[in-house]
Amino acid sequence: VIAKLQKQIEEKDAEIAELKDKLEKLNFTVTELNAKVETVTQESNQKSEVISQQTEELNTAWYVLGTAKELQAKKIITREGGVIGIGKSSKLSKEMTADYFTKIDIRKVTEITIAAKNVKVLSSHPQSSYELHKNGKVIDRIIIKDAKRFWNLSKYLVIEIE
């Protein structure tokens with residue numbers, strides 16, 4: 001009886017050892033899978049961040065408005081042509097920087113407040129994609145009717161006011 005019980009104990013010990021070995025292998029596999037999941041999660045988060053940044057960049061535009069003198073002083077426009085200072089026209093400067101521009105999200109901004117008697121849009125935007133809204137004799141805002149077309153040619157809006 002003792003020998004039989006001892007044999008059963010040895011068999012159970014062998015079975016326990018075998019199960020412990022399998023458990024260690026499974027734990028290793030689980031650890032390995034957890035590490036892979038963590039790596040994939042980190043990569044996914046990085047890709048999401050890049051996509052978010054790129055989306056923000058694609059939907060970012062800048063605008064500036066000011067008198068001809070203000071825009072010229074900030075090197076946003078140059079005045080060219082004309083004779084003896086008469087008949088000069090405003091052109092965008094090649095030295096223009098975004099320092100004086102206001103940053104906007106084109107998905108959210110559909111109107112820009114102006115409040116001026118006379119307005120010239122100097123940057124390239126299809127005329128049918130926006131409307132200058134008048135309130136009496138004053139142009140109070142520019143309404144962007146088709147944002148995709150409006151910002152297609154240039155992400156910079158330069159408005160000369162009087």
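Predicted model: local features only at pLDDT ≥ 70, side-chain atom pairs only at ≥ 80, totals over all residues.

User: With which residue does lysine 22 form a salt bridge?

Analyst: Side chains of opposite charge can pair when their charged atoms come close. The criterion here is a side-chain nitrogen of Lys or Arg within 4 Å of a carboxyl oxygen of Asp or Glu, and by this rule the count comes to six salt bridges. Lysine 22 pairs with glutamate 18, the closest N and O atoms being 3.8 Å apart. The two are four residues apart in helix H1, and therefore separated by about one helical turn; helices (H or I, at least four residues) and strands (E, at least two) are DSSP runs, numbered from the N terminus. Glutamate 18 is also partly exposed, at 48% relative accessibility.

User: Which parts of the chain does the salt bridge between arginine 141 and glutamate 111 tie together?

Analyst: The closest N and O atoms of arginine 141 and glutamate 111 are 3.7 Å apart. Arginine 141 lies in strand S8 and glutamate 111 in strand S5, so this pair ties together parts that are 30 residues apart in sequence. Arginine 141 is partly exposed at 25% relative accessibility, and glutamate 111 is partly exposed at 40%.

User: Which residues touch the most other members of the largest nonpolar core?

Analyst: In soluble globular proteins, nonpolar side chains tend to be buried together. A nonpolar core is taken as a set of buried Ala, Val, Leu, Ile, Met, Phe, Trp, Tyr and Cys residues joined through side-chain atoms within 4.5 Å. The largest has 18 residues, of which Ile114, Val119, Ile142, Phe150, Trp151, Leu157 and Ile159 touch the most other members. Strands S1, S5, S6, S8 and S9 each supply at least two residues of this core. A second, separate core of seven residues includes Val64, Leu71, Ile76 and Phe101.

User: In what order do the four strands of the open sheet lie?

Analyst: Strands of a sheet pair through backbone hydrogen bonds, either parallel or antiparallel; two strands count as paired if DSSP finds at least two bridges between them. The order here is S4-S1-S9-S6, with mixed pairing, and the edge strands S4 (102-105) and S6 each pair on one side only. S1 and S4 run antiparallel and are joined by four bridges, and tryptophan 62 has lysine 103 in S4 as its bridge partner.

User: Where is asparagine 59 placed, and what does it contact?

Analyst: Asparagine 59 sits in the loop between H1 and S1 and counts as buried, at 16% relative accessibility. Contact means heavy atoms within 4.5 Å; neighbours within four places in sequence aside, asparagine 59 contacts Ile104, Asp105, Ile106 and Arg107. Among these, aspartate 105 forms a salt bridge with arginine 107, with the closest N and O atoms 2.8 Å apart, and aspartate 105 is buried at 18% relative accessibility.

How values were computed. Residues numbered from 1 in each chain as written. Heavy atoms only, no water. Buried < 20%, exposed > 50% of the residue type's maximum accessible area, 1.4 Å probe, protein only.
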